[in-house]
Amino acid sequence: MNDTDLHAPLRENVRLLGDMLGQTLREQQGEALFALVERIRQVAVDARAGGAVDMRRLGQLLAPLDEQQLLDVARAFSQFLNLANLAEQQHRVRLRRRRRGYDADIGSTENLREVIQRLLARGLSVETVRETLTSLSVELVLTAHPTEVSRRTLIRKYDQMAEWLAALERTDLGEDEQARCRERLRRSILSAWCTDEIRRERPTPVDEAKWGFATLEQSLWQALPGFLRELDEAASDLLGGPLPVAVAPVRVASWMGGDRDGNPNVTAEVTREVLRLARWMAADLYIRDVEELLADFAMHEASDELLAVTGPSAEPYRVVLRTLRETLRNTRAHMEALINGQEPPPGAILSSREALLAPLMLIDRSLRTCNMAALADGALRDTLRRAHAFGITLLRLDIRQESSRHSAVLDAITRYLGLGAYNDWPEDKRQRFLLDELASRRPLIDSRFYGSEECTDDVREVLDTCAVIASELPEALGAYVISMATSPSDILAVMLLQRIMGVATPMRVVPLFETLSDLQGAADTLRALLAVDSYRAAVQQGQEVMIGYSDSAKDAGFLAAAWAQYRAQEQLTALFAEYGIPLTLFHGRGGSVSRGGSPTRAALLSQPPGSVAGRIRVTEQGEVIRFKYGLPQIAIHNMEQYVAATLEATLLPPAAPTDDWRAEMETLTGQAVAAYREVVRDTPALVEYLRTVTPEQELTRLALGSRPARRKSAGGLASLRAIPWVFAWTQIRLMLPAWLGTGVALSTSLADPQRRPVLDAMQRDWPFFQGMLDMLEMVLAKADVAVATYYEERLTQDPALRALGAELRERLQGTVAALQGISGRRDLLANNPVMRWSVQVRNPYTDPLHLLQAELMGRLRDTKAPDARLESALMVTITGIAAGLRNTG
């Protein structure tokens with residue numbers, strides 16, 4: 001089957017959903033609105049006929065619309081874009097069932113079985129591949145970063161549509177059954193149309209955690225054992241048998257309810273509540289599993305080991321399962337009472353993973369002893385796999401806090417003790433103090449400290465968080481991540497604060513290096529710590545380091561940040577290899593290119609050789625969680641991609657870059673940083689341009705998440721978080737954070753005859769550079785000079801701002817030309833027809849939304865009395881454009 005036929009069902013689904021939406025518009029809003037929307041769509045298609053969109057022609061059609069028409073039109077185009085995403089998701093499921101790997105951004109992908117076959121063909125032994133798979137660790141960390149623009153209630157409706165769309169694929173349905181499926185699909189679209197797209201109230205951190213739990217309940221709970229079954233099949237066929245049931249190559253962690261960096265809404269009490277909610281949800285899910293096993297396991301034959309526990313019984317397995325169900329119910333009731341502030345009821349509860357596994361493994365051994373292994377390999381094996389992966393806490397919660405908050409606590413303590421101001425001490429004095437106190441057996445403070453003037457609310461909150469850590473199950477907690485880590489004392493401080501609050505099993509302390517200078521100094525920071533005997537002993541089993549993508553790109557631009565991240569990982573890998581300590585790199589990636597977003601396989605295979613080593617942690621956030629894990633089959637595909645890529649990067653790592661390539665990257669990044677900062681740091685008008693021409697100010701009114709858009713209430717670009725920085729430029733299709741500076745650097749290299757051959761070799765033979773160019777090409781294909789120009793023309797008459805806009809667009813076009821010069825392809829995405837079609841089919845729907853957004857921004861800024869319909873329409877355009885571009889921040 002050729003690619004045209006392969007992707008024909010996707011186009012058919014897009015047409016079907018579009019027709020049903022049109023029918024809904026006719027019925028609900030009348031023929032006039034349908035005709036208006038269709039006329040706008042057709043003009044948008046015609047306006048794109050020459051390649052670049054004619055925005056003025058479209059603008060003339062939209063300018064006369066009143067407030068209600070603007071809202072209705074915005075909703076119609078936004079809904080279509082969400083339906084197009086739904087069709088693409090279903091297409092990925094369809095291709096996966098045909099064993100044709102597919103990623104929406106890069107086209108075809110290898111599956112895990114194919115990767116194993118290739119590794120064996122390259123001469124790796126079965127034992128090596130099997131042992132690596134057995135010890136492999138991929139941890140997906142779900143974050144609450146505010147980039148999911150769709151309401152949970154609408155996401156559920158889209159999931160319903162996905163079910164009916166999938167049902168239409170079945171070949172065993174009669175005509176009447178097909179008709180019923182179509183009608184149910186149409187009703188779901190009607191229900192979505194009649195639902196407000198806009199989240200009117202900002203979610204609390206607990207709401208965000210519940211959203212994460214919903215993803216686990218509705219998708220990952222089914223997907224994880226499903227993926228492991230496929231892994232067992234591949235291992236049985238290629239590696240001598242299925243992997244042990246305890247093998248859990250994929251686990252889930254979370255920042256939802258634990259990430260307090262710049263978010264005052266995440267308190268110690270919030271963290272405690274989220275941990276209890278997670279245990280409640282885990283118990284509830286296991287109860288469902290056990291009840292399914294109870295329905296099936298009525299067998300009477302059992303092993304002596306099991307009968308010794310149950311005594312004589314006609315249904316011994318049910319005796320064990322009923323006891324487990326009772327304990328799970330007690331656990332659920334206990335957590336519910338604690339959440340509601342009530343006294344927990346009496347009864348034994350689960351307090352460890354082992355307590356859950358013991359009765360299940362007893363049943364498993366008995367079934368195998370009694371020649372019923374086939375039953376043990378059914379639903380029971382799925383439950384065992386869940387127990388090993390999710391435990392009794394569902395996931396591990398990370399804590400994240402900014403380094404200065406810890407310093408402030410220690411400063412309060414040293415001032416209270418009359419030792420001076422910790423914040424005024426030089427780094428060597430801080431380290432001596434911290435190491436001495438870590439080695440001391442006496443308590444540093446007593447209860448009187450809490451009544452002192454030094455113990456402010458902010459100080460108390462940090463200590464209260466450590467007290468929560470001390471009171472919870474160690475297996476419920478993951479990493480304590482320190483953002484803006486710059487020195488060894490930042491890491492030692494958190495170790496001491498946990499000790500002060502009596503944490504018996506301390507959380508591992510993970511520095512997050514995120515600015516350009518922090519990344520460049522990361523290896524020196526860790527080397528200084530490893531020189532300390534007590535620290536080296538504390539991390540002998542392994543050290544985790546987090547690499548930040550967002551702030552480094554905002555600080556220095558995409559190209560320089562990418563190289564700094566690569567170099568930091570390379571240096572850290574060599575450092576910990578020198579000390580013989582396992583290193584796990586934690587990648588803080590976002591959805592957008594400038595925040596580290598890229599297809600899984602390309603991202604992992606472009607890492608420095610030796611840096612993956614069978615272990616990886618990675619953040620998944622916002623809209624990415626829904627796109628990658630919202631449906632079980634898609635979740636299975638993405639787990640498979642992570643495991644396959646981690647396996648390959650471990651056993652067949654890419655070659656290290658040559659000295660010539662390193663020298664070229666140093667030159668490129670030096671030029672790129674200078675060009676980036678010339679605009680971002682040294683052009684004062686950029687802040688005004690951002691706030692005038694993009695919806696940066698309006699984004700603060702969209703209730704995306706619980707976290708404020710700025711780290712501080714006042715300030716310019718420095719205080720603006722990376723997500724709204726990226727989001728704002730994405731909305732106007734300028735995509736500035738993903739390319740600024742890169743074009744200048746690449747153009748300079750291309751113009752130099754001596755550098756050009758090196759650049760060609762890097763593109764041909766270096767996965768890191770290839771991946772960077774591929775991601776740049778994808779984002780440039782979504783950028784649009786004409787759209788960005790229209791925003792400027794509608795929203796400012798200031799000659800200085802218009803001159804700056806013209807300069808930025810000229811730089812964008814220069815970046816496109818440079819990329820064309822390197823790739824030799826005139827058309828962007830010429831090597832990725834599916835992605836190219838995806839962008840093209842969305843343009844006639846995103847173009848009107850851009851025009852509407854600019855018009856609405858102008859009207860709202862001009863009016864003295866805000867209009868609720870205009871506000872709603874603006875929010876709809878923001879969510880619609882985000883859906884159309886398939887990433888936000």
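With which side chain does the side chain of Glu698 make a polar contact? The partner is the side chain of Arg861, at 3.0 Å. A polar contact here is a pair of N or O atoms within 3.5 Å; within protein, one must be able to donate a hydrogen and the other to accept it, and residues adjacent in sequence count only if both atoms are side-chain atoms.

The model is predicted: local features need pLDDT of at least 70, side-chain atom pairs count only at pLDDT 80 or more, and totals for chains, interfaces and linings use all residues. Residues are numbered from 1 along each chain as its sequence is written, and side-chain values use heavy atoms, with hydrogens and water left out.

Glu698 lies in helix H29 (residues 696–699). Helices (H or I, at least four residues) and strands (E, at least two) are DSSP runs, numbered from the N terminus. Glu698 is buried, at 4% relative accessibility. Buried means under 20% relative accessible area, exposed over 50%, and partly exposed in between (1.4 Å probe, protein chains only). Beyond residues up to four places away in sequence, Glu698 touches Met857, Arg861, Leu874 and Met875. Contact means heavy atoms within 4.5 Å.

Strands S3 (residues 137–143) and S4 pair in the parallel sense over five bridges. Two strands pair if DSSP finds at least two bridges between them. Leu142 has Ser254 of S4 as its bridge partner. S4 also pairs with S5 (residues 396–402), parallel, over two bridges. There, Ala253 stands opposite Arg396. Four of the five residues of S4 (residues 250–254) are buried, so the strand is largely enclosed by the rest of the structure.

Strand S10 (residues 615–621) is mostly covered, with six of its seven residues buried. S10 pairs with S3 in the parallel sense over seven bridges. Leu142 stands opposite Glu620 in S10. S9 (residues 583–588) is a further parallel partner of S10, over three bridges. His587 stands opposite Val618 in that pairing.

The largest nonpolar core has 150 residues. Such a core is a set of buried Ala, Val, Leu, Ile, Met, Phe, Trp, Tyr and Cys residues joined through side-chain atoms within 4.5 Å. Phe213, Tyr317, Leu394 and Leu572 have the most contacts inside the largest core. A second, separate core of 129 residues includes Leu25, Met778, Leu801 and Leu804.

Zero disulfides are counted, a disulfide being a pair of cysteine sulfur atoms within 2.5 Å. Cys455 is buried, at 9% relative accessibility. Its closest cysteine sulfur is in Cys466, 12 Å away, which is too far for a bond.
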